[in-house]
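Please read it alongside the coordinates.

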Amino acid sequence: MIILGVILLIIGFVTGISILWTIGLILAVIGLVLWIAGAAGHAVGGRSHYW
């Protein structure tokens, strides 16, 4: 989710399409929050591990 958000941020910045920039920012933030929660030991999506 983080990678997709960054890709959309880059595409939105280069092309000037603001909706891609907004969606990319939201995906990147949500991905970072889930990553931090998983790294802190909290179960994300009902799983204690990602594998």
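Leaving aside its neighbours within four places in sequence, with which residues is Val44 in contact? Val44 is in contact with Leu34, Ala37 and Gly38, where contact means heavy atoms within 4.5 Å.

This is a predicted model, in which local features need pLDDT of at least 70 and side-chain atom pairs count only at pLDDT 80 or more, while totals for chains, interfaces and linings use all residues. Residues are numbered from 1 along each chain as its sequence is written, and side-chain values use heavy atoms, with hydrogens and water left out.

**Overall make-up**

- The chain contains 2 helices and 0 strands, these being DSSP runs numbered from the N terminus, with helices (H or I) of at least four residues and strands (E) of at least two.
- Of the 51 residues of the chain, 14% count as buried; buried means under 20% relative accessible area, exposed over 50%, and partly exposed in between, computed with a 1.4 Å probe and protein chains only.
- The accessible surface of the chain is about 4,100 Å², and carbon and sulfur atoms account for 77% of that area; such areas come from the Shrake-Rupley method with a 1.4 Å probe, and for residues only the protein chains shown count as cover.

**Helix α1**

- With 14 residues, α1 reaches 20 Å from its first C-alpha to its last, close to the 20 Å expected at 1.5 Å a residue; the expected span is 1.5 Å times one less than the number of residues in the helix.
- The buried residues of α1 are Gly5, Leu8, Leu9 and Gly12. Seen down the axis of α1, these buried residues fall within an arc of 105°, so they line one face of the helix; the arc is that of the directions from the helix axis to the C-beta atoms.
- On the other side of α1, the residues Ile3, Ile10 and Val14 are exposed.
- The cover over the buried residues of α1 includes α2.
- After α1 comes Gly16, whose phi is positive, near 80°.

**Helix α2**

- Helix α2 runs over residues 18-39, has 22 residues, and reaches 31 Å from its first C-alpha to its last, which is close to the 32 Å expected at 1.5 Å a residue.
- In α2, the residues Gly24, Ala28 and Gly31 are buried. They cover an arc of only 70° around the axis, which puts them on the same side of α2.
- The face of α2 turned away from its buried side carries Ser18, Ile19, Val33 and Ile36, which are exposed.
- The packing partner of the buried residues of α2 is α1, which spans 2-15.
- Gly41, which follows α2, has a positive phi, near 100°.

- Val6 is found in helix α1 and is partly exposed at 38% relative accessibility.
- The C-alpha atoms of Val6 and Ala28 are separated by 6.4 Å, although these residues are 22 residues apart along the chain.

**Aromatic pair**

- The structure holds 1 aromatic pair. The rings of Phe13 and Trp21 have their centres 6.1 Å apart and their planes at 45°, so the pair is tilted; rings of Phe, Tyr and Trp (its six-membered ring) pair if their centres lie within 6.5 Å, and planes under 30 degrees apart count as stacked, over 60 as edge-to-face and the rest as tilted.
- Within this pair, Phe13 is exposed, with a relative accessible area of 64%, whereas Trp21 counts as partly exposed at 39% relative accessibility.

**The segment after α2**

- Val44 lies in the segment after α2 and, at 28% relative accessibility, counts as partly exposed.
- Val44 and Leu34 are 10 residues apart in sequence, and their C-alpha atoms are 6.9 Å apart in space.
- Ala37 has its place in helix α2 and is partly exposed, with a relative accessible area of 23%.
- Not counting residues up to four places away in sequence, Ala37 touches His42 and Val44.
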